[in-house]
Every structure is written in C-alpha cells, then in structure tokens.
Amino acid sequence: MLRVVPLAAGWLLPGGPSVPRFSRARAWPLGHGGLRPWRAGSAEAGRRSVLKTPKGTRDHPPAYTALRERLLAAVVTCFKRHGAAAIDTPVLELRETLMGKYGEEAKLIYELQDQGGELLALRYDLTVPFARYLAMNKITNMKRYHIAKVYRRDNPATTRGRYREFYQCDFDIAGQFDPMIPDAECLKIVHEILSDLQLGDFLIKVNDRRILNGIFAVCGIPESKFVTACCTVDKLDKVPWEEVRGEMVGEKGLSPEAADHIGEYVQLHGEHCGLIERLLQDPKLSQNKLAKEGLGDMKLLFEYLTLFGITGKISFDLSLARGLDYYTGVIFEAVLLQQENEHVEEPVSVGSVAGGGRYDGLVGMFDPKGRKVPCVGVSIGIERIFSILEQRMKASGEKVRTTETQVLVATPHKHLLAARLKLISELWAAGIKAEMLYKKDPKLLKQLQYCEDTGIPLAAIVGEQELTDGVVKLRDVATRVEVDIPREKLVDEIRRRLEP
C-alpha cells in the first residue's frame, strides 16, 4: 500500500537529503518508517550541512557593513552632485537579454534552469539591464545611477576584492549630446571619487575603440576578429607583451607579422597631445576613417579635461581595450599606482578600481525598430576599494561605529524601568536615536561602559531625584561631565550638542 506524502521543509527522508518546501509529492511505502523531523545540531544534520558561504561570497559583520555604507554614501553623494537619478532593476534577466553582449566574458554568466517557461540568468552587470530599461520604456534622455549586486561565475580572488557576488556602482548618461561633453563628465566623476576617498595615487587610462579597430584594420586583421583581438590586447595590463603576442598567434590565429604590427601601436602611451598628433600623422592610421574619428574626439576630450583641471591624472594609453563587446567609442579605466599602507609589509594589490566607456549601440539591440540611444557611463569598483579600506582598518586597529545611536537612556537605581521606557519613548518621538539596556535593573556602570564600547556620545540618566526635580542628568560620555537639564528642554539640548 502506498500513500502520497507531501515533502515539507525541515524534514529528512530516511537516507536522503533535506527536501525544500513545495517539492512534488512523492509516493512512499507506509512500512518504511515515514518522514523524520530534522533537528539542528544532530549528528546526521552535521554530516549533511557545512556552515560556510558559497565560494566567492562572504558575510559582512557590522563593522565592515558600516564601513561599506560610509563608502557607498560618498559615491552616491558624488553621483547626486552631478544630477543623477536612482533606478533599480531585477536581479534576474531573461537569458536572451544578456547573451551576445559581453563577448568572451559571457561564459561567466550564471544561467538558471527553466523557471515557469522562461530561461533566466543572474545579471552580470548593471549596464545591459539599463539599456534594456531604456528600450522597454522608450526613454531617449536620462542621467542615472544604480547601486546593486551583480553575479559572475568567476574564479574569485577575495584578497583583491574579486567575488562572485558583489556590488557595482554605475553612473550613466543617455541621450544625443554634443561630442565628448558627457564623456568628460564621467572621467571627472571618477577623478572626484578617487580623490575624495584618499586611496593613494591613481591614474585614469583613456582610449577609444574606434582607434583600436582602426589599428587592427591597418595591421591586416579581418573585422570578424576585432573583438577577439580586443580581448587579448586587454590583458596587457596584467601580462607582458610577449604573452599577449603568443595568444594572438597561437590561440587567435593571427599571423606573427600582424601581431608584431599591432604591438608597435598598442604599447604606445604617454603625453596625450604629442601621441594624438603622432597618430594623426601616421601614414596608414590617418587614412582609416574610424581611427581618424576616434583621434579627433580624443583631442576634443582632452581639451575638456584640461578645463576640468584633471589631465595630470589622465593618460592616453593604446593598450587599454576593455574586452566587453558593447563599447563603441571612448573607454577608460582607473588604476591605483601604489597602495600606501604603513602598517603592513605588502601593499594591497587590487588592479583597476573604476572603468567605463561609450556604448552607442546597446539600446538599439533591444529596440524593435533598432533605434539607438547614445550612452556613456562609468562603474566604480566598490568591492576592490572596500578591500583596501578593510585592510587599512584591520592594520590600524581603528574601531568603526556600527550604530548611529546618539543617546543611551540610563537609570542609577532599581525599579525605574518605567521611567526609562517613558523617557526613551519621548526621545524616539522627537526623532532622537536612542537605546537602553534590556534589563529591568542594570547597574549604572554597565550602562556607561556600554556607551564607551559602542561610541554612544551621550547618556540621559534619570534617577529618583531627577524625577522629583523634573530634570534629566545629561552626561558627555567622552569627558564624563554631567549637567542637569530640565526635561522639557532635553531634546533641544541633545540636538544642540550633536550639531556638526
């Protein structure tokens, strides 16, 4: 005799794994012993589960979460200063939305099984969802920022801030505008953020996909191999030219002569004005339409960057390629030149900390009529920056406040819980961030120690005498100076003391 048994969460089949809620009903012989409840801490449960986060992910304890919030707030402040509005998009996208947009990087997309008749994937970045959003809503002009998690099936390197689940912070300008003005603003934003965060010396490398494509063309590379050649050149910041050349010839099928010719160009970098003029006078490159357009815009871009006063941190670098398929014009990447840290022997190596560029054709790939919306944007490598700040915090022993509590409501005597509850309720109603200990009769010393341990700046102490006199004893935790404040003036006094 068989009985159909729905398998519920938290139950184990004999000899089998834990089954998630809403599993299909299964036929199970009545004489088998039925279902057994799973108990946390049992030996069987211990064998079945490992307490760890998935590879390439991590938990963030309160101190590091507070540090991350501080970092994100600085980035958002810059984005808002430049007039961007925030949007959000689903963490899930249709698989077809993401495929064909990232070149060789597409292999890192997390694909999901059929979910209710839809093939889905976890978003790989915030740029493609933004382009889909613009096309879906027929938006042709927008300045937006988006801060959210993205997912990549990558080999994680957590010491360098490289994870499979991580935040991206994107700023993008969509719309038809005069050349290089939005592009220059994106570079200015990168400069502002990296300067404000005081991460050490940095350099923003700039190039143009049209210049690279022109170089490939004059070196005899067929157009069908432009993207794959771009992906290989993009490795020049990590490996020497000899290895890049070897991959071009050995894996990508380019001739040794073509690879050598490419090398003569892509190893050039330096003072922008001289290099641009030199390339404009190159007998072959100057005859290529794409390269000539790119060099003309690069010259204009540096004129605007000069007006912004940031050219000292910008380098025209022909080795910069940014391997993603969707870039069509200016591309840029910010790198830290040297991570200064007096407290550790080895500097933190995190690679690039920001990147972006122009992608004029991406929105058109989603539009039914192929209508294009020119776009340019930048992504701040927030995880890599966070890894630097995290290492600094560990090395210095700096304590980071994990809450924003302004006042601890305390009592020095027993049987005054009601007085604490009434006072803290008044403070909350006035918008004051307040806490109290969850014991009926805590010792005053323990309450004040809690203030010191957590960084709470003020303590509002109400005892029997204070209740009789209608005052509250306000204590400055750092100086330990106490002053009696009339109860009706307490909120104003707290606000006055906490003013920046």
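A salt bridge here is a side-chain nitrogen of Lys or Arg within 4 Å of a carboxyl oxygen of Asp or Glu, and the structure holds 29 of them. The model is predicted, so local features need pLDDT of at least 70 and side-chain atom pairs count only at pLDDT 80 or more, while totals for chains, interfaces and linings use all residues. Numbering runs from 1 along each chain as its sequence is written, and side-chain values use heavy atoms, with hydrogens and water left out.

Let's begin with Glu-93 and Arg-132, whose side chains meet in a salt bridge at 2.7 Å, N to O. Glu-93 sits in strand β6 (residues 92-94) and Arg-132 in helix α4 (residues 127-136), so the pair ties together parts 39 residues apart in sequence. Helices (H or I, at least four residues) and strands (E, at least two) are DSSP runs, numbered from the N terminus. Both Glu-93 and Arg-132 are buried; that means under 20% relative accessible area, with exposed over 50% and partly exposed in between (1.4 Å probe, protein chains only).

Next up is Arg-245, which forms a salt bridge with Asp-260, the closest N and O atoms being 2.5 Å apart. Arg-245 belongs to helix α8 (residues 241-250) and Asp-260 to helix α9 (residues 256-266), so this pair ties together parts 15 residues apart in sequence. Arg-245 is partly exposed at 26% relative accessibility, and Asp-260 counts as partly exposed at 35%.

What links Arg-81, Glu-192 and Asp-196? A network of salt bridges does.
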